[in-house]
Amino acid sequence: MIKSFAAACKRGINRVVAKIQEYQKNRKRVYRVGDGGTVTVCNAKWLGKKAKRFDKTFARPEVEKIKTNIAKEPVFSLKSQTRDYWLERTLKTGGYTFFDMFLVKNPYGEAPLSALALFVTETACGVRVTVKGDIPETDFSAELPEAKYHRVPILGLYPGRENQIHFELLDKEGKVFAERTVPLRVKGLPKNLKKVITVKKVSKNPGLSNILITGGSDIRPCVIDREGKIRWYTRRKPKGYGLFLLSNGRFLFLESNISAPSFTNPHSVQMYDMDFLGRVRRTYLVKNGIHHSACEMEMGGNIIGAGSSMEGQLEDLIMEIDRRTGQIVHQVKLGDIFDKTYQDRVDWAHLNSVSYNETENTVLVSMRNIHSVSSVDWKTGEMRWLLSDVRFWKGTEMEDKLLRPEGEVPFFYQQHAAYEIHADLDGNPETKHILVFDNHWHKRRRVEFFDNDKKSYVTIYTINEAKKTVSLYKRFPCPKSKIRSNALFLQKRNRLYAMAGSLVKPLDGNIGVIREYDVKKEKVLSEIYVKPGFFSAREFEPCVPELAKPLLAGKEYLCGDLKRPERLSKEEFLSLHFHKMKRVSDMAVDYRMHEDILYIHGVDHSIRKVYFIGKKDNFVVDFSETHQTMEVFETAEYYIAMWLDTLPSDSYQMYLDLRGEIQYTGAYISK
């Protein structure tokens, strides 16, 4: 009895200590620095509590229309907007100066190795900020233009240790007239980012100073410097395709657990226009989902993405998403521009990369399951040419679109990425160059003439569109990567990177490898191992001056399209006998709401329909159009999403069709 009482007391004391520690961790602190100045430091939680009072100020009017017993959570883009507003108000009060500055660690809660400094100067001046690296070559440094009110983004912090952040004020000639160094400690790496990078070999002057590694099953997006040390990462893992880079230090982040059921891998239906500070400008909703690849049509312009028709097929659609409204304004279905020869399965094409040529208004697409790369006229939707092994399309209606090989041309099989190189490599203005990561694999669609080569390749092809010919420019071998992977060409440095993300045979226990080549000498200069593998790797270009600008407040932070309720016929309503239904007991089923969007968690394809039974009328959202064709995805769990903005004013009880059986949820929604 005494022992149990002592144990209970100990547990109580531990809870109190934990609460005190949590309070201390999340409060604002003022530190005196060695230069005699101070720095006021807070973290994302503290900032979030301060900014929350502005939720109603910026929230869409639809938010207040819905009453429910379902847990409500804020939209990430609204959270970013309110935090940014609080920071801007704080800056404009003028209460913080260069030697008494305000500093927030991970201000938006999504980029743990970032921070933001606020201060005011008496006169307008430039600012240079540097996070000191372990060697001079790994400094993270950026300059900001002249201003009196300064928002200074800080990137490249080392995890789990004290960082030295050096601030310099610059006059009109760029000379330093004041400086100080502020120490800042941030928390360590999460478990799945520890000991995942090994630098096997590094060039004395590598083409990329910092590399963004993104996507894959067991790693979250992160940035490594030339020493292989992680200097940036995201708090959460996106969908396995990783981040899709945009201009001005921004990218698209795909939610990993909010998806549309499909015929294979569930497609992410929710994505964020985010920057490297973790700030979400806009939340986009895509009804049938997005997968594999997306890019801007022009700087700040509409988005070209890989989508799915869901008309008995998937990963077969190119779509243009309006950057402001989130609506799909143009699309091309691959089945309409190819003949029927290989349209013999659900995932017949497997579109895995898209890139846009602004000058020509064309889209370059890579289709893994038909070993083909094609150029599509985006205005007309017509195929301009087709790059593939000519034997694969022999005797089909597509032969007239094929590029004719000149000389010996090694072709690709089950390639994962194709991009145009915007550089004249051969001095011929009539040609262009296409960069392909050739996995050189044929498990998805076997071909009789496959050469069984044991390597993958990064291949540069030269294409003459007028003559409809293709020739080999250069080819670089790398370890066999069966899926994923990409390549990068750096014209100024004459370097090429092979980003092999899923090795068939691991190298020293590592599933991914990044290789840097000297293009002229065709020599390997650097080799970096990534233990869990990845989807793709890119150059890290954060564009710090853009990160320093405040967000523009507005009600358009949530846009796009989702499934919406449709009126239930009287015949179907009477046939279902809702009053006799049992309560949902499936432990996987859960509910939450973001404003007027409802999310329901469950196992893949288990939720077939969602019913809203009202006092005046009844509605249904149907998710039963697809069925699973691959066993590996049958146990996947995720949230399905539906927009309730069109649901008429009424009081509704919610029911689910779970695996063919109607069940009562106990949830209600009133509008």
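Visitor: What volume does the largest cavity have?

Guide: About 80 Å³. The general idea: rolling a probe the size of a water molecule over the atoms shows where empty space is left. Here a cavity is a set of points, on a 1 Å grid over the protein atoms alone, where a 1.4 Å probe fits but cannot get out. Volume is the space filled by probe spheres set on the points, which are joined across faces, edges and corners. The model is predicted: local features need pLDDT of at least 70, side-chain atom pairs 80 or more, while totals for chains, interfaces and linings use all residues. Residues are numbered from 1 along each chain, and side-chain values use heavy atoms, without hydrogens or water.

Visitor: How many cavities of 30 Å³ or more does the structure hold?

Guide: It holds 4.

Visitor: Which residues lie nearest the centre of the largest cavity?

Guide: Asn357, Thr362, Val363, Leu364 and Glu420, out of 13 lining residues (an atom within 4 Å of a point). Strands β21, β22 (362-367) and β27 (432-438) each give two or more residues to this lining (strands are DSSP E runs of at least two residues, numbered from the N terminus).

Visitor: And what is the volume of the largest pocket?

Guide: About 1,400 Å³. A pocket is an open set with protein on both sides within 12 Å along at least five of seven lines. Its lining counts 47 residues, with Leu245, Tyr419, Leu488, Arg538 and Glu541 closest to the centre. Elements giving two or more residues to the pocket lining include β13 (243-245), β17 (280-296), β21 (351-357) and β26 (417-421).

How values were computed:
Helices (H or I, at least four residues) and strands (E, at least two) are DSSP runs, numbered from the N terminus.
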